[in-house]
Amino acid sequence: MPIDPTQRERMRDDLRGIVRGDVLFDELSRALYATDASIFEVEPLGAVAPLDEEDLQEVVRYCASQNIPMVPRGAGTGMAGESLGSGLIIDLTRHFRKIVAIDSETVRVQPGVVLQNLNAKLAAIGRRFAPDPASAATCTIGGMLATNASGSRLIRHGYTREHVDACRIVLDNGDAVSVGRQPPTALPNQARFNDIIVQTNELLRAHAELIRTAQPRTPFNRFGYLLDGVVVNGLIDVPRMLAGSEGTLAFFTEATLRTQPLLEGRAVVLLCCGSLDAALKAVQLAEPLRPSACDLLDRRLLSLTRSASHDAESLVPNDAEALVLIEFEANTPAEAHLSARTLVDLVHARERLTLRVQMAHDPAGAAELWRMRESALPSLYGLGRGARPVAYVEDIGVPPNLLGQFLTRVQDLLQSREMTASFLVHAAAGQAHIRPFLDLSVEADVRRLEAFAEALYSIVLEFGGTVSTQHGAGIARTPWMARQYGPLYPIFRELKSIWDPKHLLNPGKIVSLEPVHPMSHLRRRLPAEAAETANARVTLLVWNPSEISAQVETCNGCGHCRIESSPARMCPLFRVTHAEQASPRAKANLLRRVLADPDPKRVSAADVRAVADLCINCKMCASECPARVNIPKLMLETKAAHFDEHGLDRSDWVLARLEGFARFSSQFSLLVNPLLGNRLARWLMEKVFGISRRRRLPPFAWRSFLRIAEERGWTKRTRPEPVAVQSGSSSGSDPFIELPPLTANHLKSKKVAYFADVFANYNDPAIAEAAVRVLEHNGFEVHVPPMQWGSGVAPLAQGDVETAREYAQQNLRVLAELVREGWRIVCSEPTAALMLTHDYLDLLDDPDAAIVAESTIELTELLWSLHEQGELRTDFTSLNLGLGHHVPCHIKALGKPARGPALLRLIPQMRVHTIDVSCSGMAGTYGLKREHYDASLIAGAPMLEELRRPRVLFGSSECSACRMQMEEGSGKRALHPVQYLALAYGLMPEVERRLRTPISESVLT
Ligand SMILES: Cc1cc2nc3c(=O)[nH]c(=O)nc-3n(C[C@H](O)[C@H](O)[C@H](O)COP(=O)(O)OP(=O)(O)OC[C@H]3O[C@@H](n4cnc5c(N)ncnc54)[C@H](O)[C@@H]3O)c2cc1C
Ligand code: SF4
Ligand code: SF4
């Protein structure tokens, strides 16, 4: 749809006058909505996120009047490009998020509700919405309805369409109507709908026989308009017919879904087989036992899964050629167990089809086996450049009894074309997700893919199968619609012209007026020269050659980073805004666009910075993204480029220089502290520096910890013989460098240099003091390097890389020498530990950065290692306290389990409730700013809710910013775990007084 910029601007202005929701027409927003989880890319005209149904109606009316195509969009996790288009993207995830009503057997929801969030709510009343796509954590009910989604348990629970009672829909002319099983007669005041329903009825009746017969021979199919079983007792089941229509007939704005009881019995069996044949035989033997799921992984997928998942490595023997996971659901655990036992006896003991069998009939064991199977798909994403498993022909279904023969034919086909592929097969349903390994940046591979699809689909149709059983027709599979359905295809076209005569609703999907050429929409790879020059354009941080472009292209758009539920943590700002721009996926798309721009300065533009500012460097996506894309580093680089060109605004400049202000304020604390509680001063601070007047600020210590340390003699050190220290590579951008485990030798030396960082130095030296005392109590020789500076995270977070580098250089000068002398560096502030172990490697290509990274450990990790060696003193007095311990993002980002709660539980009578549900929302200095105050509290709300529980008397967390938020949001005192340890050891009785002192209204004390 060619549109010139003037037309686009006019449309944008028109829509801004009409729509109450968001209207996004700028270049970057268009780029962010140009991709989904498929291999395609189509730049839209713009995007809108309507506020409610009326708003959507206005948009549709406007588009209808201007002939603008409309593309409804859920989470964009579709794999066939079904939510892409050159028209207006209508994002229904941002505002249509309400669960309207939960009844005993049904639930009424808006389309933007995420399946996993819905099921979390339903679980509270012992129910669930049964269709279970693997993307449940992110996909929306609207997307599920529109693709007629299903999952591994399809054989038991069927497709989404089988669980819908009624819907509200918006038609092509903007009319909204509630639909269910409709008589083909007129509804009052619904002229357009009456027209549609009468014509649809005629069409369905006239072609009833064709609709019945022109179907694939497989019982599982979701391709095309699903017209079978739609007319029941003379009524048209409109929701059932619209399910799977991929937004081409109407918009869903609400749905009434039937729910199922959560069953008590579940047993899972994992069969490791020596051949694909044996695995398929085992599946056949399982079928009479009526399993609820039956997933098969081939050798290639198995080996990828084994290398990506520790669970798989230990559960699956090396010589396994195929693996089958079979699940039984039943009303009671005993019933489920019996089925599983019967299967094992049959396939393992009697038929000897398996090398190894695992059975689990308890929830934890079953979850572990499922986790292993679920890690299969993400393992495909972690592969970098070059040949990767391509999702294009991945949605095939054949009659289940022909599956074995079909797979043999496919393997022959692959062999004849010298291609390899991974297979994930829902075996009992005859569904095969086949992903050939190809490099789509190479033209020859693109052609091979086209030819392979052609040959493969011919086999599928020969077997009476379908080209789509699960994922969608979209751009990828619409071209095969006519071939699969033959005489039924013209009926699809008629249906489309009844509902959407102008072809404005998601045009080109399912039926198309023009031929669809999927390969012309292939997602653009970075042009070769852009990939080559990416590092030269934006290299304010340390990158390996061509690493930036490789990182950007490794993001496959899967959308997993839109997850909103625990235990996942990413992405705090997405969870607050629900805006695509805030998602980590958007950040990868942003850089892909910017790097492809001929203007090398594009990266430093204000609009780019605005998207980059939607990353608060919590680093959670870097560890939770299945492809391990290092989004936070990419965003730091982007902010750095902006800083390099434009500097900082006043507020960011102040935050970047936090350490200088803290040093100054500590020196003049007698003057400064009263001002922190003074309304006028806080108002002024907000006006001048942008620091929220609502945020209670921590007072400054009148003596910094480094001064205290000097007075106590902690800054002196013995000078042992230097030790040889091996350094690794210094240019590390792997977000999770495996640091060497703390060995017995390291512990024996018991010499640690304590790194305090800003907060413990200038605001709360009691933390640093507790750290030193607890370490000494446990026999450590502690040295406090007097020339240490803060870690430099504040300037780095603002993109002021030069200042951050100065901090890094100073600290490395001090710390590397200590490491060479045999000292280990210990940090009580997780962010400081992260800076020393990861970010300094990104800031400086310096061997000292590597040796400091390898020798740095976070305090609770050190103490826990000591405990594991049996060397932590346990001469604690009991503390009868109920604590809520919040696990900070940066503790998780260090890549080890959080040790704080376990350490605290060593204290007699201490009751510790681990809070690991969300970011605290502070994100360093983010929550200090006026414009972020509310968002910060929303981001931290799940954590605060846990903290407010009556059984939790006090808070605990390693991170100083998190503790600020904990006190601010709950009114409960929050300390570093080492302070509780110091109290329990009897080293710092004054901690008890601190716990008793109420938190001041205006200033944190
Ligand atoms: C890792 C991964 C695993 C997956 N596993 C499965 C699986 O097991 N089973 C499965 O079925 N799918 C699976 N999918 C595909 C995808 O998640 C599903 O198709 C899902 O239902 C799409 O939901 P969505 O919210 O992302 O919708 P989108 O992808 O945004 O949109 C899908 C379609 O729905 C339309 N649409 C969205 N909202 C509306 C609305 N309100 N009204 C009208 N039309 C609308 C869009 O126009 C589009 O045609 C997987 C995807 C990924 C990335
Ligand atoms: S950043 Fe990771 S999780 Fe997000 S879309 Fe990209 S690959 Fe998927
Ligand atoms: S680092 Fe954190 S804030 Fe930034 S994109 Fe990733 S999850 Fe979101």
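Predicted model: local features only at pLDDT ≥ 70, side-chain atom pairs only at ≥ 80, totals over all residues.
**Group meeting: cavities and one buried alanine**

Let's take the largest cavity, which comes in at a volume of about 130 Å³. It has 17 lining residues, and the ones closest to its centre are Cys555, Cys558, Cys561, Cys625 and Val629.

Now, over to Ala473. You'll find Ala473 in the loop between α17, which covers 443-462, and α18, which covers 474-477. Is Ala473 buried or exposed? Ala473 counts as buried, because its relative accessible area is 0%, and the cut-off for buried is under 20%.

Who does Ala473 touch? Leaving out residues up to four places away in sequence, Ala473 is in contact with Ala80, Arg222, Phe223, Glu246, Ser468, Thr478, Met481 and Ile510. There's also Asp395: that residue is 78 residues away along the chain, and its C-alpha atom is 9.3 Å from the one in Ala473.

Last bit: confidence. The protein chain has an average pLDDT of 92, and 95% of the residues score at least 70. Residues 728-744 are another story, with pLDDT under 50 throughout. The model does give that stretch 52 contacts beyond four places in sequence.

Conventions. Residues numbered from 1 in each chain as written. Chains lettered and ligands numbered in written order. Heavy atoms only, no water. Helix = DSSP H or I, 4+ residues; strand = E, 2+ residues; numbered from the N terminus. Buried < 20%, exposed > 50% of the residue type's maximum accessible area, 1.4 Å probe, protein only. Contact = heavy atoms within 4.5 Å. 1 Å grid on protein atoms, 1.4 Å probe; cavity = no way out; pocket = protein on both sides within 12 Å on 5 of 7 lines; lining within 4 Å. Points joined across faces, edges and corners; volume = space filled by probe spheres on them. pLDDT = per-residue confidence, 0-100.
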